Amino acid sequence: MASGSSHLRMRTTWRYRLEDVLMRRLRQVFLTLVGLLVFITVVSACSSQPTPAAETPTVLATTAPAIAAVDTPEPAGTPVKLPTINAVTPDREELPRYETLELVVDLDADYANPYDAREVALDATFTAPDGSTWQAPGFWDGEEAWRVRFTPSQEGEWRYTVTIQDSNGASQPAAGSFQVIPSNHHGWVRIGNQVDPTYSSRYLVYDDGTPFFGVGHADALNILIDGFNLDNGVGLFSNMQDAGENYVVWWPFYSLSPITSSYDSYSLQNLKVIDTILRDAEQKGVKVVFTVWDHPQLRDDTHAWDDGRWEVSNGFRKLGSLDSFFTSDEAWAWQENLYRYLIARWSYSPAIAMWQTVSEINGTNAYAQADSWHEKVNTYFVENDPYRHPTTASKSGDVDWPAGWQAMDMPQVHLYDFDDGAVAAAGVLADWTRQMWDAEAKPNWVGEFGVTDGAQYPELFHNATWAALGAGAAMTPAEWNSGGSFGRLTDAMKDDLQRLAAFVDEIPLAAWNPQPLDITSSDPDVRGWGVAGADGGLFWVQDASLEGRPIAEVRSLTAPRAGVQLTIDGLTGGTYAFTPYDTWQGRYLAPISVTCAADQPCVVDLPEFTSDMAFHIRSATCCKERPTGYGPTPAPQPAVTGSKSPLGVSVWAPVAGFLEQQTLQQNADVLDEVNFFWYTLGANGDIEGGVMAAEAVRVARAAGLRIVPSIVNGGFDAQRVSAVVNDPARRAQHIADILALVDDNDYDGIDIDYESLNPDDRDAFSLFIEELAAALHAEGKLLSIAVHAKTDDAGAWSGAAAQDWVRLGAAVDEFKIMTYDFHNGASEAGPIAPLDWVDAVLSYAATVAPPEKTWMGVPFYGYDWTGSTGQSLNWRQALKLAEQNDATPQRDPSSGEAWFTYSDGSRTVYFNDGETMMARLDIIMRSHPNIAGIAIWPLGGEDPANWTALKEAQEE
């Protein structure tokens with residue numbers, strides 16, 4: 001496939017010469033927009049950002065070059081003046097998950113250049129609620145302050161420390177904390193198996209596990225080509241939203257380089273414009289492939305491509321020659337400063353899809369240093385980006401790069417050789433995609449492609465994008481846009497992207513972990529490419545009979561194809577639904593049921609199609625939904641004497657990303673109710689929060705589950721509850737607010753999780769629950785309540801004593817006892833729910849609360865203890881921790897829980913898995929067969945064997 005590369009190199013060179021002319025014509029308009037953007041940066045706020053419940057490993061510190069030694073020693077007896085941090089001011093004390101916290105740091109330090117980390121380096125350490133630590137560098141904003149930007153991935157309390165280091169040493173740390181609340185954002189883009197080890201390494205997801213398939217193009221030279229205004233922001237991003245696109249390739253250094261004038265001082269205006277563009281991208285859900293070095297920046301006129309910009313816009317020219325840029329230690333030190341600054345200022349942003357360290361490295365003067373220099377730059381970003389954005393890089397058109405592919409996270413090629421026309425483009429894209437797939441088990445994509453002959457569009461564009469999807473690409477190929485001879489996306493091309501986006505949105509590729517399918521056709525002119533795993537996948541077929549023909553003939557001679565039979569090798573045995581999709585009309589046809597024998601190819605008869613057609617593949621065992629008609633349910637009725645209803649199962653869902661939604665779908669046959677953890681009782685008595693994941697509601701309804709969201713007293717603040725329940729007017733208002741919430745959202749009821757209450761409020765709280773129950777029952781809605789576990793009325797602490805189980809159990813429909821946290825995050829290490837204690841709690845409950853309303857709390861989580869401080873973790877995290885520390889989990893006989901120690905015995909982990917679940921279910925079946933069900937905390941990251949145990953128990 002590398003043949004003809006010299007020809008393509010000349011074409012690529014001509015492309016950039018032409019676009020340089022275009023850019024000079026646009027420059028004046030662009031500079032006007034730059035001035036406008038600088039103005040609005042002042043009022044730009046931290047954006048709402050999209051976002052997995054997925055675990056995030058502790059990441060490496062962002063490396064600052066070693067602080068230079070002081071040349072002249074201080075006179076004897078002169079104390080060394082260490083740097084100090086005077087104040088750290090956060091822009092807010094509470095923020096939604098995956099939004100950005102900005103710290104302004106007032107400091108005193110000894111330095112001459114704030115952009116040289118060898119003189120001065122600001123660093124922050126952020127500690128997550130689960131105990132993992134994140135290292136984030138700070139930066140001088142070029143104007144007025146030192147800043148740290150950080151985007152948290154977990155809900156709960158985060159803590160941070162900030163230090164400054166100069167040539168005299170390091171300051172004492174300054175500390176602080178902030179709260180992270182739920183949101184419907186998904187975070188930044190990551191590689192699948194970095195979020196969940198069961199996911200594919202070849203596809204992308206958001207940090208919370210939600211699938212991400214890139215749909216977009218390249219507008220690399222001028223991100224403002226569609227204008228900018230104060231009301232609508234970046235016009236290109238708005239147009240991309242309309243087309244269903246979610247990513248764009250951008251070369252910010254081409255026109256907005258921070259180092260245009262010098263390598264050691266950055267352009268304030270350009271920095272602020274990039275800030276503004278990224279924030280607008282965040283608000284609109286657009287991801288940018290952020291290119292560090294576009295090849296003109298690292299090329300001079302001695303290169304065969306000519307027209308380099310080294311002498312024009314790269315400030316490193318003031319440090320040394322272009323050759324020394326790739327070899328000099330001093331040049332590398334200043335590059336490290338630049339890369340550190342990019343990470344410090346912008347890596348926080350979920351708008352960055354990935355770092356493109358260099359575009360078309362063979363278009364630079366790197367020559368023999370290309371592989372070694374690229375690997376060094378790539379390694380810096382891998383080791384120092386706290387958020388671990390994927391890395392990528394490229395060579396020019398139709399050239400592979402095995403050494404580069406091995407180093408980077410996302411292999412890519414650029415393709416411009418389409419002399420055989422629009423139909424043949426499919427084979428070009430598919431063959432290169434499969435070549436990258438076979439070379440590296442990583443996500444791959446075509447980072448640039450296109451032709452100057454606009455008459456080939458939209459057919460060439462259509463065939464290229466769909467073939468790449470079928471062959472296993474992680475993103476659509478990026479069609480090169482710039483105006484001029486390469487044109488822009490037409491309405492027909494945008495419509496095509498929108499149809500593809502709608503199709504692939506139904507397929508969680510990373511979670512399904514597909515492999516390539518081998519597709520052969522009974523018609524030699526029909527070909528196809530596809531990928532599928534055990535749950536399903538996709539494939540695309542094309543009529544290639546007009547390959548090589550002029551576009552006019554392709555359009556006039558295309559005719560319907562009928563009677564085509566495909567043989568598909570690579571699917572596991574079982575029954576599948578093959579759902580055809582008309583890629584030109586964006587509509588599905590009736591599914592085709594196909595049964596495949598084990599270890600045998602599948603055979604499928606295609607419906608009639610014209611030009612091409614795509615197919616969803618879904619296994620009959622995947623993603624089962626409950627029968628229709630299982631809709632909203634009123635308060636449960638008392639059990640009929642002599643009968644036993646099936647064991648009910650509810651689950652509290654603090655996170656409701658894609659993974660959790662899939663769990664609800666796959667286990668709908670054993671689940672009855674989901675308690676979304678979205679609402680809090682605020683300090684002023686209002687209900688705060690809202691629907692954090694509308695798709696989760698849709699999934700739960702489609703699965704026939706009762707939706708009974710929880711309200712929790714924020715921070716388990718007893719005073720908030722006390723102020724409401726003891727004031728008749730406020731109590732009545734709160735009940736009215738709850739009724740409105742349930743009614744407005746068509747919920748089936750509400751779950752009250754007011755914890756750690758004052759014993760003095762026992763009667764008032766019981767009265768509140770009784771009045772709320774009456775009000776909900778009048779509307780046909782149910783009331784659930786979470787209560788602390790205890791074995792007598794007083795319990796072991798004040799929170800348990802504040803709950804009158806007799807009155808509460810009589811009033812509510814679902815009495816959910818939190819039979820867990822016997823050992824907890826504030827205790828010594830030990831089993832979370834010993835079986836004899838759980839049995840004792842349920843035995844006491846049977847004396848004061850109706851068994852047919854009682855639900856046993858079941859923990860799906862664990863703790864990682866250091867002394868008497870424990871951090872919660874899920875099953876997946878616990879197994880990963882054991883693997884990383886070569887620890888072998890053991891089984892605790894008192895609880896059935898798994899446990900292990902690590903770090904020379906200083907840390908202890910207890911966690912719950914499927915075997916634990918079986919032991920807990922045995923308690924119900926043996927000793928408490930009349931209770932209503934089990935209430936699980938929480939949904940997300942649990943052992944799949946838990947669900948298997950539940951299914952087996954219900955069948956019994």
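Which residues touch the most other members of the largest nonpolar core? The close-ups below start there; they come from a predicted model, where local features need pLDDT of at least 70, side-chain atom pairs count only at pLDDT 80 or more, and totals for chains, interfaces and linings use all residues. Residues are numbered from 1 along each chain as its sequence is written, and side-chain values use heavy atoms, with hydrogens and water left out.

**View 1. The largest nonpolar core has 164 residues.** Phe126, Phe237, Trp293, Tyr339 and Trp373 are the ones that touch the most other members. α8 supplies the largest share of this core, 9 residues. A nonpolar core here is a set of buried Ala, Val, Leu, Ile, Met, Phe, Trp, Tyr and Cys residues joined through side-chain atoms within 4.5 Å. Buried means under 20% relative accessible area, exposed means over 50%, and partly exposed is in between (1.4 Å probe, protein chains only). Helices (H or I, at least four residues) and strands (E, at least two) are DSSP runs, numbered from the N terminus. A second, separate core of 78 residues includes Ile752, Trp837, Val858 and Ile936.

**View 2. Here is Phe126 with its contacts.** Setting aside residues up to four places away in sequence, Phe126 touches a list of residues including Leu101, Leu103, Trp134, Val148, Phe150, Trp158, Tyr160 and Phe178. Contact means heavy atoms within 4.5 Å.

**View 3. Strand β4 pairs with β8 and with β5.** With β8 (residues 156–166), β4 pairs in the antiparallel sense over 8 bridges, and Ala121 has Gln165 as its bridge partner in β8. Another 5 bridges join β4 to β5 (residues 133–137), again antiparallel, with Thr133 as the β5 partner of Thr127. Two strands count as paired if DSSP finds at least two bridges between them. The hairpin of β4 and β5 has 5 residues between the strands, and Gly131 takes a positive phi near 95 degrees there. Because 6 of the 8 residues of β4 are buried, β4 is largely enclosed by the rest of the structure.

**View 4. The largest cavity has a volume of about 110 Å³.** Its lining has 14 residues, and the closest to the centre are Pro114, Tyr115, Gly138, Arg340 and Tyr341. The elements that give two or more residues to this lining are β4 (120–127), β6 (139–140) and α8 (329–346). By type, the lining divides into 10 nonpolar, 2 polar and 2 charged residues. A cavity is a set of points, on a 1 Å grid over the protein atoms alone, where a 1.4 Å probe fits but cannot get out; lining residues have an atom within 4 Å of a point. Grid points are joined across faces, edges and corners, and the volume is the space filled by probe spheres set on the points.

**View 5. Four strands make an open sheet in the order β1-β3-β7-β6.** The pairing in this sheet is antiparallel. β1 (84–90) and β6 stand at the edges with a single partner strand each, so one side of each is left without a neighbour in the sheet. Between β3 (residues 101–108) and β7 (residues 146–150) there are 5 bridges, and Val104 has Arg147 as its partner in β7.

**View 6. Another open sheet has 5 strands, in the order β45-β44-β48-β47-β46.** Its pairing is antiparallel too. At the edges are β45 and β46 (890–891), each with a single partner strand, so one side of each has no neighbour in the sheet. β46 is joined to β47 (residues 898–902) by 2 bridges, and Arg891 stands opposite Ala898. On β45 (residues 869–874) sits Gln871, which is buried at 19% relative accessible area. Among the residues that Gln871 touches, not counting those up to four places away in sequence, are Pro129, Gly131 and Tyr863.

**View 7. Ala351 lies in the loop between α8 and β19 (352–359).** Ala351 is buried, with a relative accessible area of 1%. Val189 is 162 residues from Ala351 in sequence, yet their C-alpha atoms are 8.7 Å apart in space. Beyond its neighbours within four places in sequence, Ala351 is in contact with Leu278, Ala281, Glu282, Val286, Lys287 and Val288.

Conventions
On a 1 Å grid over the protein atoms alone, a cavity is a set of points where a 1.4 Å probe fits but cannot get out, and a pocket is an open set with protein on both sides within 12 Å along at least five of seven lines; lining residues have an atom within 4 Å of a point. Ala, Val, Leu, Ile, Met, Phe, Trp, Tyr, Cys and Pro count as nonpolar, Asp, Glu, Lys and Arg as charged, and the others, Gly among them, as polar.
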